[in-house]
Amino acid sequence: MHLGDSDYAALDARLAAHDAFLAERYPGERAGRQPVHTVYVPADRLADFRDWGAQAVAAMDRYGFPFPGADAVRSKLATEPIEDLRVDFEDGYGVRTDTQEDAAVRAAVSVLRAGPVPPFVGIRIKSLEAATRHRALRTMELFLESYPDPFVITLPKVSGVDQVAAMVWLCERLEAAYGPAARTLRFEIQIELPSAVLGADGTATVARLITAAAGRCVGLHYGTYDYSAAAGVAAAYQSMEHPAADHAKAVMQAAAAQTGIRLSDGSTNVLPVGTPAEVHAAWELHHRLVRRSLERGFYQGWDLHPAQLPTRYAATYAFFADGRDAAVTRLRRYLDRQDSGIADEPATARALAGYLLRGLDCGALDDAGFPRAELTALVQS
């Protein structure tokens, strides 16, 4: 051995800055539950969200739910129909006068404070484009002024790094003005424009957006229809499974990997309404697309109508139930160092544990084969 302690120390010194960068930028999966969906409800119709569970069950009864696991879905709809609620002041709400939107903000706060609310709550403001940025700030300020509980802000139609940097500055200003602890205001970035994926300078903008967020970004949400339209996809072919969508989401996935920032797929606008045949066709499509997203590592999506909830949960529950036994067996063999015919790596073991934890969190699994504490420790190892 020709190298000594001084050489080891010199190597550590050379890589110290990179070690610090890795620890800050790639801390690993964020601890805690991720909702399986986000439900967008226009601000002026927010009170309706408490009826979504009953409306979903009524749709199952009226049209005959054709998927396995209906009893488990009904139980979920009775206890926790919405996991993540977003009060929408953007596209779903539209453009109103300042007086009208101010009133909608105050009314929405009253509805939320009256409770009960889903486990996760937030607001979607208007974009920081020139025409709407002042309104976006006013809505944030009015909401924060009277809603003391934790919430997330969804920032739509992000087109570049400067908008994200401006959002960070706004969060700092709002914390100073209204008293939340420093760095407690967090936001999601909606990827709805091609310029948020590939910049004018040829760089992958998504990664730069994460850097500009300075630790405040908690999620990247794909916007199916705005993105597809901006990319020139004809309306009839705009879809969560269009190649343009898959490319954007693959870039998002690579940029967010190991950063603790969570991913959400978009929505389908083919709603389960109309004749029984139309409802069943929409259910089949939604069920397939939810399952497709889950298989591709997007564990969250958007739901836009109460009758989409049954297929959201049926597809999600089936995804975890179908893979539960194989995941338990692989993880147990990894921990026992048995010869399984599959040479799993530590990263795969963490992924297996995370998969089982997600199944527990959403109610798809009652028994994940291991104690929750053991799975949590594996995910964080």
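Okay, let's start at Phe187. Leaving out residues up to four places away in sequence, Phe187 touches Val152, Ile153, Val164, Met167, Val168, Cys171, Ala213, Arg216, Cys217, Val218 and Gly219, where touching means heavy atoms within 4.5 Å.

A quick word on the model: it's predicted, so local features need pLDDT of at least 70, side-chain atom pairs count only at pLDDT 80 or more, and totals for chains, interfaces and linings use all residues. Residues are numbered from 1 along each chain as its sequence is written, and side-chain values use heavy atoms, with hydrogens and water left out.

On the α6 side, the contact uses Val161, Val164, Ala165 and Val168; α7 brings Arg208, Leu209 and Ala212.

Last stop, helix α4. How far apart are its end C-alpha atoms? They're 24 Å apart, which agrees with the 24 Å its 17 residues should span at 1.5 Å a residue, counting one less than the number of residues. Its buried residues (under 20% relative accessible area, 1.4 Å probe, protein chains only) include Glu101, Asp102 and Val105. Among what covers α4's buried residues are β2, β3 and α5. After α4 comes Gly115, with a positive phi near 60°.

How values were computed. Helices (H or I, at least four residues) and strands (E, at least two) are DSSP runs, numbered from the N terminus. Buried means under 20% relative accessible area, exposed over 50%, partly exposed in between (1.4 Å probe, protein chains only).
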